[in-house]
Amino acid sequence: MNRNLMTLSGLLFFALGNNVQAGDLPDKQAELKLAAPAQDADYLKMRSLATIPEGVFGDKVRLGYQLFVNTQQLRGQYVGNELNCVNCHMDAGRRANASPLWAAYLAYPAYRKKNDKVNSYQERIQGCFTYSMNGKAPESGSEPLVALSAYSYWLAMGGLMDKYGVTGAVPELSDAELLKGGKREDFVLPEAIAKATTLDERAKLPGRGFPAIPKPEQAYSPARGEQVYRAHCQSCHGENGEGLAMGGVYSLPPLWGPNSFNWGAGMHRVNTAANFIYENMPLGKSVQLSHQEAWDVAAFVVSHERPQDPRLEGDKVMELSKRYHQHQGYYGKSVGEGAVLGTQSYPINPVKQ
Ligand code: HEC
Ligand code: HEC
């Protein structure tokens, strides 16, 4: 079993929340334990999207790509904020060290010791719909999950085939196979790849996740982070983290407030945000932040109200905080003179006005 994927927060939980349908809310935003990025890592190279084949299978892959870059087409149905998957998983989920889909696909199903449960790839995606997209996860086996899995699989398999000299189209898989993910003994692989790599090696491809940056020298500070934000982020993400929309379409994503990811999303942890920001922001890397600046600005960004954690029962913010928020974050805490974060959160999955 892959110990890196075992987490501390895997308690069983109960689905709740006023606007959320009863049923299992996934607990999939558990933190990945990641090392610093490898030097000169040999990242898988992605095939051009123009090589996605014609036909039914290719159509699924194409739909997955389209949903990933324009997730707003599922707004109101499965999406309750103004984000698209690609806002955090950069370059259509292809960029190494920006939690690429190809590395993720080969790391599921993942065993979780705490609740003795196995997370399939589709369950992991359901987690990002529930929390990062502040929405309602598509039903297991539904078209969006098949499509997003097909796209991820196509990226991963195409990359592996090219690396190990296997020519031709990516082999087609059934929907049921696609949804599971590629970390399983019965996952069908071209022989050259099966011979050259082990299951565990494929599940830990260089470039997976958002690589960890060193701990800050000084304790991270939202107050110092505000200075970084005003200097390097506000011009794009807005004075109040609100992002920028033109004609109702966001070209610059909101970082906090009602239209951003909710309190259950992985990005609300200071460390995860710091890792993401250090590697990917400011966009275009016009400025390289120091590690300290990345921690401070991350703390500033995630110390503002955002949509409620859908696991909240009634108004028991402190209880939820104890149960699910024993990590570097601000849910259940106040910053300066401010109210306890989580007590004035925005709704889950609101209908777009
Ligand atoms: C607000 C940022 C954000 C958005 C938007 C987002 N995600 Fe994620 N996603 C994350 C974070 C953070 C992680 C956890 C990565 C980590 O812990 O290093 C993650 C993890 C994942 C993983 C597992 C990665 C792995 O290597 O285990 C998949 C797959 C995934 N997201 C798919 C999606 C899909 C599909 C969407 C859109 C429906 C989406 N995400 C939207 C931030 C986001
Ligand atoms: C030049 C404009 C620009 C600047 C400056 C910039 N960003 Fe971004 N940021 C973006 C865009 C565009 C995306 C979405 C990327 C995509 O979809 O490919 C993004 C995505 C993000 C995300 C993930 C999505 C979300 O809404 O949560 C975070 C977090 C973030 N930026 C934080 C920052 C921080 C912190 C800074 C300052 C250090 C910063 N950005 C500077 C343009 C910018």
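Predicted model: local features only at pLDDT ≥ 70, side-chain atom pairs only at ≥ 80, totals over all residues.
1. Start with the surroundings of ligand 1. Its shell holds 25 residues, and C85, C88, H89, Y108 and C128 are the closest of them. Sorted by class, that shell comes to 16 nonpolar, six polar and three charged residues.

2. Among the secondary structure elements, helix α4 (residues 121-132) gives the most, with six residues.

3. The iron atom of ligand 1 is worth a look in the viewer. On the protein side, H89 coordinates through NE2 and C128 through SG, at 2.1 to 2.3 Å. H89 sits in the loop between α1 (56-69) and α2 (90-93), while C128 belongs to helix α4, so this pair ties together parts of the protein that are 39 residues apart in sequence.

4. As for geometry, the iron atom of ligand 1 has six donor atoms, with angles of 88 to 179 degrees among them, and the site is octahedral. For orientation, six octahedral donors would ideally give 90 or 180 degrees.

5. H89 turns up again here. Besides coordinating the iron atom through NE2, H89 has a polar side-chain atom 2.9 Å from a nitrogen atom of ligand 1. Is H89 buried or exposed? H89 counts as buried, because its relative accessibility is 16% and the cut-off for buried is under 20%.

6. An N or O atom in the side chain of Y108 is 2.6 Å from an oxygen atom of the ligand. The side chain of R208 also places an N or O atom 2.6 Å from a ligand oxygen atom.

7. Now for ligand 2. Which residues coordinate its iron atom? They are H237, through NE2, and M281, through SD, at 2.0 to 2.3 Å. H237 lies in helix α10 (residues 234-237) and M281 in the loop between α11 (270-280) and α12 (291-301), so the two tie together parts that are 44 residues apart in sequence.

8. The iron atom of ligand 2 has six donor atoms, and they subtend angles of 86 to 179 degrees, which makes this arrangement octahedral. Both protein residues at this site are buried: H237 has a relative accessible area of 10%, and M281 has one of 16%.

Key
Residues numbered from 1 in each chain as written. Chains lettered and ligands numbered in written order. Heavy atoms only, no water. Near = heavy atom within 4 Å. Polar contact = N/O pair within 3.5 Å; in protein donor to acceptor, adjacent residues only side chain to side chain. Helix = DSSP H or I, 4+ residues; strand = E, 2+ residues; numbered from the N terminus. Nonpolar A, V, L, I, M, F, W, Y, C, P; charged D, E, K, R; others polar. Donors = N, O, S within 2.8 Å, 3.2 Å for Na, K, Ca; no water. Tetrahedral: all angles 85-135°; square planar, octahedral: opposite > 155°, others 65-115°. Buried < 20%, exposed > 50% of the residue type's maximum accessible area, 1.4 Å probe, protein only.
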